[in-house]
Each structure stands twice: as structure tokens, then as C-alpha cells.
Amino acid sequence: MKDTRATAGTPTLFTLTTGPVNCYPEVLSAIGQPVLYDYDPAFLAQYEAVVLKLQTALGVSTIPVILQGEPVLGLEAAAHSLIAPGDTVLNLVSGVYGAGYGEWLRPRAQAFHEIRVPYDDVIDPAAVAAFLGAHPETAVVAVCHHDTPSGTINPIAEIGRVVRDHGALFVVDSVSAWAGMVIDIEAAGADLLVTGPNKCLGCPPALSILAVSDRAWAKMEANPAAPRGSILSILDWKEAWRAENPFPFTPSVAEINALNAALDLYLAEGPAAVWARHARTAEAMRAGVKAMGLALWAAREEIASPTCTAVKLPEGVDETALRDRMKCDYGVVISSGRAETFNRLVRIGHMGPTAHPIYAVIALTALGGALAGLTGRNIDIGAGVAAAEAVMRG
Ligand SMILES: *Cc1c(COP(=O)(O)O)cnc(C)c1O
């Protein structure tokens, strides 16, 4: 029988999830603007301006692409567009999302390989170098930057250097990392970086954002298997950003307005300042988790994400019961694990508007209180809060 606890008790007061996340108020009011006809000259100018603003936010020299669907669209489109008949593909798997991406890559590849590590660890660039040395025919390498169901960060700059030296194309799923942590997309050699506004940028789920290198455009244009005239097409949108060019189909007008507002906020605050408050929030959260006698999921704290903290579930605690109690008694909603990490950890998101250390204090209080209530264990919530506050004070 379905547990009804989650719908009873305190209404949701704090959504501290890993996506969808709460939106910035400015984003919500932008969604409420009049929905213009997509060929209204005002919207054509707005679309072009948003794409150029996005280019600035991404920090890339090429024009980015917006696809009109939440980021799984961008990820699936990337697999279809880049992989040509005959290609050898390497997928790097350190978690559930990395593994899932293989299911889109595998059917398109002539030869498909994976490097796998345990889901509390990250990919070793030396292992990638060794593989590419042994398989010089490899054309495409894919990695998930922040494998969200584990809350761990792959070293994409180091992996990217190896991939670029080898000459393969590098696909990066940075959906839950970009705009929440330092990333130099071009220095990392990312040829097709897929992200979205619905995680660290504080927008609702609706769009995919793609940073595309010149090498990636050349490969897609030469690829007879790349979708055209399709919702999965990246190529169809290449020139659509210019106000004088047509759209392949109607763009998500309200969501483009929302993205515009989010980009304004991101650029006004400054990416480095935004990344710093994400990092500080995660640091406060980790300090509190440890001070309450709980364990982080990540094998080493250096690989723990600044945009999500995964906390190991104590022996014998049911994750659904824990999250229900946090919701019911405290009005705090956090994320579960997924697939292999389900019922082994819970996750607190630090993304966009919730990337402020005070939210770590709220999460720690609700997590510690719910655990104490469920298990009868004495959890030192005061020590957790004090440790988080010490990080806040710097
Ligand atoms: C959120 C996310 C996606 C997009 O998938 P959702 O359907 O929004 O969950 C893709 N990749 C990663 C790493 C993500 O965190």
C-alpha cells in the first residue's frame, strides 16, 4: 500500500532536492511575462540575445544551442548526432547516469567499451589514457561530470586533456554541475557539453543547453546518421539563433524568458561568486553530517560534489521512511538515491537559490531529527549545526 505520510503533516517549506529545484523569484516572474508569437520581432530579438548571453555564461567561443526539452533531450540528441556508423565509443561510468548514457551510445556504436568504477568513486584519467593507447581507433568518449545519484565529481579537465591529445571527441553531461562549480569548457576539451537551466541556474525543467565545439559541428555535419528534421536534431538549430533565421519548430517562449532572467542573475552575481556559495554550502553540509556521526557516500571527501551532498544511509534505516519523516515533521524535501544508489543514500541538493549555507543548517536539523525519531538513536543535531555554522562564519 502506498505510504500516505508524505502527503500528510507539514506542507513543503523547503525543497532541498537535486532537481527539479526551487526557482529564483525573478525566474518565476519572467515565466509570467506575456507569451509572444515566436515570429514577433521582439521575441526573435529576445531569442538571439538569450543565446548570446548564454554564450557569455558558458564562457565559450562558439555559439551554443538551446534544445526545447529538458536535458535528457540534449543528451539523447548528442548520442544520435555525434556517433557515426563505424565509430568506436568509450563510455566512462562512475554512477547511475553515466551507466544510463551507455544505453543511448551502445546501439549507435560499431564498437562500444566502458571503463567502470564503483559508484562512490570517480574515473582515473590514467585509465582513460591507457585505454585510448590500446584502442587508438576510439572516436567518441563520454562522461558524466557530476553523477548526481552518487554526488561525486569526475575530473573532467584531466580526462578531457587525455581525450583531446588522442584526437577523439569528448561528450560531457554537466547537467547538475555547470553553473554550480568551476568549469572551463574549452580548456577541458569538451566538444559537446550538455547542461540545462533546471539545476544550478534555478529554472524549471524544460530546456537543454549545449556548448558545441567546431570539431563537434564538423563531425555532426559529416555524419549521415545525425538526425535532421527531428526533435532530436542539433543541426536543425545551428542557425536558428539569428533573429533573421526561422526556427525548426516553436521554441518554448516562456522558458526562454525564464532562462534570460536566470542568466541575468548569474552574470550579475558573477560565476565565481555563484560557484563559491555552492561550494560553501556543500562544505557546511559535509561538516555537519560528519559532526552528527553520519557518513558521506563519497569514498573521499575531495570527490564530493559542491552541488549535492550524498549521505550514506545508516544500517537498517529505510530511505523512504526517512524522507517521509523529514517532509511530515519538518516540511523539508530532499532527494533519494536512484537505481543502484536507491535506499543506500539520501541526497541534499545545493543548487541555485538553495546554494546558501543556511539551507545546510535546515537540512541537518531535519535529517538529524528524522533519524533520531526513526531509530531512537541519540543524534547530536547541535554539533551538526555548530559545525555547519563554523563553516558559514569562515
Ligand atoms: C538532472 C540530470 C539530468 C537530466 O535528467 P532529469 O530527467 O532532469 O533528472 C541528466 N544528467 C544529470 C547528471 C542530471 O543531474
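How are α9 and α11 oriented to each other, roughly parallel or roughly perpendicular? Start with the axes in this predicted model. Helix α9 spans residues 271-291 and helix α11 spans residues 357-375. Their axes come within 8 Å and cross at roughly 30°. Angles under 35 degrees count as roughly parallel. The two helices, α9 and α11, are therefore roughly parallel to each other.

The crossing of α9 past α11 is right-handed. On the α9 side, the contact uses R280, T281, A284, M285, G288 and V289. On the α11 side, P357, A360, A363, L364 and L367 take part. By class, this contact of α9 with α11 holds 8 nonpolar residues, 2 polar ones and 1 charged one.

Angles over 145 degrees count as roughly antiparallel. From α9, the residues R280, E283, A284, A287, G288 and A291 make the contact. They meet A383, G384, A387, A388, V391 and M392 of α12. The contact of α9 with α12 divides into 8 nonpolar, 2 polar and 2 charged residues.

Now turn to the nonpolar cores. The largest one has 90 residues. I66, L92, V128, W178, I185, L192 and I234 have the most contacts inside it. Take I66 as a way in. Setting aside neighbours within four places in sequence, I66 touches Y47, V50, V51, L54, L207, S208, W237, I256 and L259. A second, separate core has 29 residues, and A284, V311, L322 and A363 are among them. A284 and A363 also take part in the contact between α9 and α11.

Next comes helix α3, residues 72-82. How many of its 11 residues are buried? The count is 9, and the helix is mostly covered. The buried residues are L73, G74, L75, A77, A78, A79, H80, S81 and L82. These pack against several elements: β2 (65-67), α4 (96-105), β8, β9, β10 (208-212) and α7 (214-222).

Look also at N260, which sits in helix α8, residues 253-269. Is N260 buried or exposed? Buried means under 20% relative accessible area. N260 has a relative accessible area of 13%, so N260 is buried. Neighbours within four places in sequence aside, N260 is in contact with Q46, V50 and K53. V50 is also a contact of I66.

Finally, check the backbone. Most residues other than glycine have a negative phi, and most peptide bonds are trans. The peptide bond joining G19 and P20 is cis, with omega about -5°. P20 lies in the loop between β1 (14-15) and α1 (25-31).

A179 has a positive phi, near 75°. Its place is the loop between β8 (169-173) and β9 (192-195). Relative accessibility of A179 is 0%, so A179 counts as buried.

A339 has a positive phi as well, near 50°. A339 lies in the loop between β13 (335-336) and β14 (345-349). Exposed means over 50% relative accessible area. At 55%, A339 therefore counts as exposed.

Notes
Residues numbered from 1 in each chain as written. Predicted model: local features only at pLDDT ≥ 70, side-chain atom pairs only at ≥ 80, totals over all residues. Heavy atoms only, no water. Axes fitted to C-alpha atoms, helices over the stretch in contact; angles between N-to-C directions. Helix = DSSP H or I, 4+ residues; strand = E, 2+ residues; numbered from the N terminus. Parallel < 35°, antiparallel > 145°, perpendicular 65-115°, else oblique. Left-handed = near helix turned anticlockwise from the far one by under 90°. Contact = heavy atoms within 4.5 Å. Nonpolar A, V, L, I, M, F, W, Y, C, P; charged D, E, K, R; others polar. Core = buried A, V, L, I, M, F, W, Y, C linked by side-chain atoms within 4.5 Å. Buried < 20%, exposed > 50% of the residue type's maximum accessible area, 1.4 Å probe, protein only.
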